[in-house]
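Work through the exercises below with the coordinates open, and try each task before reading its solution.

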Amino acid sequence: MVNLMRVDERLLHGQVAVTWISNVNATSILIANDEVMENEMAKMALKMAKPSGMKLAIRSIEEGAALLNDPRSQNIPIFVIVKTIQDAVRLCQKTDAVKKVNIGGVKKKEGSKLIAAAVHVNEEDLQSLKELAELVEEVEFRMVPSDSARTLDEVLKSY
């Protein structure tokens, strides 16, 4: 079962490994991203960032969905991390295992606007966020668990 999906362009790093893992109460981490699957150095770095005692699976979006749809995953508390909002949409289109998505780190890019702490979106991202909201029960924005969560509607009012 997926306890939480987080969108974070840095994927697994100190903040996620320390604060989110303990807050999410997961025993396993699934990193789903097509680019990482083809980058051995990135996979090695992610494995080194994994907290001890946690299981880690690094999969493509397609393979990640298959893992989440496997009946054996239903009793395992999983923290899913994807790199982009578009990755989140693609994964959620292939599985109904994800109910709650945290948007935590989207880098600034050409034509983007800051809508929440460390979340820069452009028009494509905005459309993807709206699509994501249709696929899951909740989309929230916050960097760390101790921050107050903001809903998509709250964030879009400031856009």
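Two strands count as paired if DSSP finds at least two bridges between them, and helices (H or I, at least four residues) and strands (E, at least two) are DSSP runs numbered from the N terminus. The model is predicted, so that local features need pLDDT of at least 70 and side-chain atom pairs count only at pLDDT 80 or more, while totals for chains, interfaces and linings use all residues. Residues are numbered from 1 along each chain as its sequence is written, and side-chain values use heavy atoms, with hydrogens and water left out.

**Exercise 1. Find the bridge partner of Leu114 in β7, and describe the hairpin of β6 and β7.**

Step 1: strand β6 (residues 113-116) and strand β7 (residues 119-121) pair in the antiparallel sense, over 3 bridges. Step 2: within this pairing, Leu114 has His120 as its bridge partner in β7. Step 3: the hairpin has 2 residues between the strands, and Ala118 takes a positive phi near 60 degrees there.

**Exercise 2. Give the strand order of the open sheet of 7 strands, and say which helices pack on the sheet.**

Step 1: the order reads β3-β2-β4-β1-β5-β8-β9, with mixed pairing. Step 2: β3 (55-59) and β9 (150-151) each have a single partner strand and stand at the edges, so one side of each is left without a neighbour in the sheet. Step 3: strand β1 (residues 2-8) runs parallel to strand β5 (residues 100-105), the two being joined by 4 bridges, and Val7 stands opposite Ile103 in β5. Step 4: helix α1 (residues 14-24) packs on the sheet by touching β1, β2 (28-32), β4 (78-82), β5 and β8 (138-141), where contact means heavy atoms within 4.5 Å. The direction of α1 makes about 155 degrees with that of β1, on a convention in which axes are lines fitted to C-alpha atoms, for helices over the stretch in contact, and angles run from 0 to 180 degrees between N-to-C directions. Step 5: α4 also packs on the sheet, touching β1, β2, β3 and β4, and its direction makes about 135 degrees with that of β3.

**Exercise 3. Is Lys43 buried or exposed, and which residues does Lys43 touch?**

Step 1: Lys43 lies in helix α3. Step 2: its relative accessibility is 12%, so Lys43 counts as buried. Step 3: leaving aside residues up to four places away in sequence, Lys43 touches Val36, Met37 and Ile58. Step 4: the C-alpha atoms of Lys43 and Ile81, which are 38 residues apart along the chain, are separated by 14 Å.

Conventions
Buried means under 20% relative accessible area, exposed over 50%, partly exposed in between (1.4 Å probe, protein chains only).
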